[in-house]
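Subject: Structure for you to look at

Hello,

Here is the structure I promised. Please open it alongside the notes below.

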Amino acid sequence: MDSTNPKMFLQDIPTPEPETPFRPRQPYRFSTLCATVENPSQKDQYGSSSVPIYQTATFKGVNGQYDYTRSGNPTRSHLEHHLAKISSATHAFAVSSGMAALDTILRMLKPGDEVIAGDDLYGGTNRILAYLKTHGGVTVHHVDTTKPDTLLPYINPEKTAMVLLESPTNPLLKIVDLARIAADIKERAPNAVIVVDNTMMSPYLQRPLEHGADIVYDSATKYLSGHHDLMAGVITCNRDDLAKQMGFVINAAGNALTPFDCFLLLRGSKTLAIRMDRQQATSMLVAQMLDRLGFKVHYPGLPEHPNRDVHERIADGYGAVLSFTTGDKALSERIVGATRLWGISVSFGCVNSLISMPCVMSHASIDPATRAARGLPEDLIRLCVGIEDPADLLDDLERALLEAGAITLTPGGDSHQCYVRTIPSEGTAISRAVQKLAFNGSAEYTTEHNDDREWFVSAPGKVILFGEHAVVHGVTAVAASVDLRCYAVTTPRHDGKVSVHFIDIDSFTQEWKVDDLPWDAVTPVRVGDFHPDTLDHKLVDAITTRALSPEVLAKPSARQACIAFLYMYMIMAHGGKRPSFNFSARATLPVGAGLGSSASFSACAATALLLLYSRIQLPAQPAPTTDGHVHVSHGGRRAIPPALAEEVNRWAFVSEKILHGNPSGVDNSVSVFGGALSYTRPGFGRKAGMIPIQGFKSLRFLLTDSRVPRNTKQLVAGVAAMKEQEPEFVDGLLSAIQYISDEAQRALADPQLSRQTLLSALSALIDENHGYLVKLGVSHPSLEAIRSKTASPQYALSTKLTGAGGGGCAVTLVPDDLSESSLRELMASLSGDSFVPYLTSVGGSGLGILSPYNQPQLLATPPESPCESEARAGAVESLRDTFAGKATADLTAWADNLGRWLFV
């Protein structure tokens, strides 16, 4: 704590009057307040230096200050006065544990109330909130509180009753801007109570009441006591009404702290400041050592720690808890087991240093799927630093890392030896994959262990330029890929479970025990055979009724994605092979906007499963350039052969049937093959099939998401109903759209047509096509508003709906002569109308697979070390972890930089 801080505490011990007017006394600093237990209203009759233990259940007399220790006790009064003094509080309560403190606070809630809480909470907190959600009629929203704006959609002025925060969080040390969130909540829901768990910091380093919190609680078992010889919880607040409610609950429930434990807590709190000074200083040394070795370290004191500036604004120190990942759960277990000074235990805040793995200890009560969704790594190690000699702690940790195989001793550039991080030799997939693929692995990959590596795949979205809706009735559609893509990563689990993480569907996660899936309902498709034209509805029904929980069934998008994934996972199984892995998917294109997000998902899921089941095999690497041979690099383009792409496309179409019922097949075809193509559905008298448009010229389009949800099935059914009722009228419209598609194909494929003529022709065809779609009843006021905006005189651009219409996206042709300033102005204007514009090119590559040939998956790099030239090996993380955490704007560039991609 800054010794110059002039802050006075609400309950302070008297500062003596100045001995001379020329040298006034300053308010006592925190350390002095801690060490001085003084309650002016409760002087001991014998002047004892230490507060006596009033070890009694009852007190004699009538109408006295105390009658029954459950309701009050002098030792506890001294403690609570002391705690209020050092916490900037008017009221303080001492109860039997930190969880008892939280329970007391939560008893203010009633059925129908809503709670907003963080997504990186202590396991016990998560457990009691889950209980209230299930049994108490309380709605709990878990959000990423490190981003204050994420809370805003969940704030309800009438229903939000409480906001529960931690900063730093446990165990990932995420920083939460308590002051800003408190201000946002007070503005939007004035009656909501803001509660902060301050256990990680203690009052010495952070006093949330000073930053807008209404209630603060600590597990006093930790730093306030400091010796792990008692269980206690502390609640502090400044509001009389809240204090009255909590005081009633404590007296009624009888969870107040016992006199003897009050004495122990008073004694421990006197050394709080001096203990934490030592613990913080050593923590910084430990964090710096691990950081130098290349581990991913979570500690607010490190310069690159997210929101470090926020922490420094609201706190007076960095604390004495840190955590780090190794990339391998088994390696983490070996490190924990190899320590000697670091005791293996839950909890923290003790004078003795502790080490633990939260996912198997303090946070084991949170189910694995939820842990994964909240970004809690299974290999995470938490270190709780004590007051031992720093040199001994560093030496013990270093020896444990060495013994576990996490670091190795290597010669440095100056002939000295130094420690460097090593790549784990066993454990999770990333370590095995890196060894096999990155560090002098074989130039050939085999399919024998396809399920033992991480696969990274991607597929583009699509825009239908001409022919949407009509394609269902046999009209040729013209479609092209866009440079917005879906990405997916498979990561081995090796625990007999399969799981999904759909990041764009509210970060949905679900896992299943492989053996518990309804395998008795499966009629597998043998390797080399095609899936039948119709879905296996017996399997679909079995998955729906036996594999999906009511919670999943209540989420339509997640439900259909789960069914499609499990259907392919189960029906592809062969030879007794049932891989255990996680499938994570996300996109840079808007979901549900008519840009083929489901088709690109289907292509990614199909590709990943085909690879895992070894049903497809990537071609061998081309021979390198030698004296007698020249290898021409195409940047991975056309590296995936047509036969492989066709197999993927067949399975992607199966997935699309599950997602949409009666798809045309054009969306998945574009996602797999990329470029531009015309597609005619069979059964309508025209030559059916897909024809690539050769010589397709690069064109720029503005895709504008109306943000209006669509019901594709309903829109398609509506056109079908109109056709049945007015066949001549609708057939005339369909014939006109067919003519437009034919003209567009000729124009796009004509190499002699000038670019200006092409753009003019396409512009006219876009306007004409949109007019027919309006007559089919599939437009929407939002789409017409976009069209009107882009057609205004200052832009004069042609726009049409794309996809199913009824909302979703509009597509605008961007001519070459439109100035960048005008384009930016238009996009800003559309954004101002609450639309979301995307500037994109069309006709790029299709399906992509990150090459498994000698690809160094170095996702992080350790800081420079004295022996960096020899030792810099790279800090390797799971693709899945980094993939899920990347900002959408950075996802494409990050994926491109991972290595060589193979494309259709």
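One term first: a residue counts as buried when its relative accessible area is under 20%. This is a predicted model.

Start with strand β9, residues 321–325. This strand is mostly covered, with five of its five residues buried. V321, S323 and T325 point one way, while L322 and F324 point the other way. Both sets are buried.

β9 has pairing partners. Strand β8 (residues 296–298) runs antiparallel to β9, and three bridges join them. There, F324 is the bridge partner of V297. Strand β12 (residues 381–384) also pairs with β9 in the antiparallel sense, over four bridges. In that pair, V321 stands opposite C384 of β12.

Now the seven-stranded sheet. This sheet is open, its pairing is mixed, and its order is β1-β7-β6-β5-β4-β2-β3. On average, neighbouring strands are turned by 20 degrees against each other, direction ignored.

Within this sheet, look at β6 (residues 215–219) and β7 (residues 233–237). They pair in the antiparallel sense over five bridges. Y217 has I235 in β7 as its bridge partner.

Two helices pack on the sheet. Helix α4 (residues 123–135) touches β2 (114–118), β3, β4 (160–166) and β6. The direction of α4 makes about 145 degrees with that of β3. Helix α7 (residues 240–253) touches β1, β5 (193–197), β6 and β7. The direction of α7 makes about 20 degrees with that of β1.

Best wishes

Key. Residues numbered from 1 in each chain as written. Predicted model: local features only at pLDDT ≥ 70, side-chain atom pairs only at ≥ 80, totals over all residues. Heavy atoms only, no water. Pairing = 2+ DSSP bridges. Axes fitted to C-alpha atoms, helices over the stretch in contact; angles between N-to-C directions. Contact = heavy atoms within 4.5 Å. Buried < 20%, exposed > 50% of the residue type's maximum accessible area, 1.4 Å probe, protein only.
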